[in-house]
Amino acid sequence: MAGVNAHGVRLGPARAIAPVSIGSITDRLLHAEPTYNRAALYGPLKVFTGRSHPALAQEICDILGINLGRVSLYSFSDGENYVQIDENVRGADVFVIQPTGPPVNDNLMELLIMLDAFKRSSASRMTAVLPYYGYARQDRKDKPRVPITSKLVADLITAAGADRVLTLDLHASQIQGFFNIPVDHLFAAPVIVRHLRDLGLPDLTIVSPDAGGVERARSYAKRLGATLAIIDKRRTGANQTEVMNIIGDVKERNVFVVDDIVDTGGTLIHSVDALLAKGARSISASFTHAVLSGKAIQRINSSELVHVIATNSMSMSDKQAECPKLTTLSIGDLLAQAIKRIHDEDSVSSLFEM
């Protein structure tokens, strides 16, 4: 009922107040849409590159619809690197694209200096984008008195100021554990599998060149509806292997050898010879990282390989010109999508779908 308060003000009729459930408040808080601006979490997106692979960085920026960051890079006559950031990066979300392929030490040092420059320029967050991670094969202590250089490189990148790492097809997935910062580990398999599917080869057999690559080869074979074979090999020295046995039937089959890295090509050519001896109809190969050092291109050109597929995780223009059997697939779109998702704080899991 209406009444009058102590000050003589007439009050309206009393109304019942609905009880408020603590649970209902919690539900609203948990399921409420975020009110923050995701793009402002780490500032504007900026992409920079060193001298290792500027073409890939430009491709990524074209896909993202942004300009490639401006930076001055050159070497002094004594070999020292110089870096100067030519635009404001204060409060920016910076991605530095720098595969540490040949010359490995020069590209790695340039990456470290760039990260230090961005850190001292007050960038909000720095992500080292390493399509190819140099020293990845020195990932364990397999002999007395040897270093674990892959771990050392991880420590150097972290100490230089990187807040996270984006990389592709590490030689061993456990390398992610060498970092004490977040690592987004992508796979080139979706790009390569789509290409192999488009080739439409009949009687296809996917071959793992060693026991360590069986999981990768099995994944390819499953998605392509192909059979699986494995090469049993023993490493006799640096860049030297001996084929011991082939597990699986490759007779009258179109064979694709799949691996993460091809370096000097010695192991690949030994595998080709062994597969031909077992009656393979045709032999091709695919790799994520085509280092192709030493006499690798000469060996491939003079071999029975029909063609070799590789990604542009490192600069491939010179190699493509020298090796007519080489087909290069771009990972620019894959990396661009990953960079956009990381910047927007979205999941990158869907990028693993083939």
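Contact here means heavy atoms within 4.5 Å. The model is predicted, so local features need pLDDT of at least 70 and side-chain atom pairs count only at pLDDT 80 or more, whereas totals for chains, interfaces and linings use all residues. Residues are numbered from 1 along each chain as its sequence is written, and side-chain values use heavy atoms, with hydrogens and water left out.

Helices (H or I, at least four residues) and strands (E, at least two) are DSSP runs, numbered from the N terminus. In helix 3, Leu108, Leu111, Leu112, Leu115, Asp116 and Lys119 meet Val153, Leu156, Ile157, Ala159 and Ala160 of helix 4. Helix 3 (residues 104-120) packs against helix 4 (residues 149-160) at an angle of about 25°, the axes being 8 Å apart. Axes are lines fitted to C-alpha atoms, for helices over the stretch in contact, and angles run from 0 to 180 degrees between N-to-C directions. Helix 3 and helix 4 are therefore roughly parallel to each other, a term for angles under 35 degrees.

An open sheet is formed by five strands in the order 3-6-7-8-9, with parallel pairing; two strands pair if DSSP finds at least two bridges between them. Its edge strands are strand 3 (45-49) and strand 9 (183-186). Strand 3 is joined to strand 6 (residues 93-97) by five bridges, and Leu45 stands opposite Asp93 in strand 6. Helix 2 (residues 54-64) lies across strand 3 and strand 6, at about 160° to strand 3.

Elsewhere, Asp210 lies in the loop between strand 10 (204-208) and helix 6 (214-224). Leaving aside neighbours within four places in sequence, Asp210 is in contact with Ile230, Ile231, Lys233 and Asp259.

Note on methods. Parallel < 35°, antiparallel > 145°, perpendicular 65-115°, else oblique.
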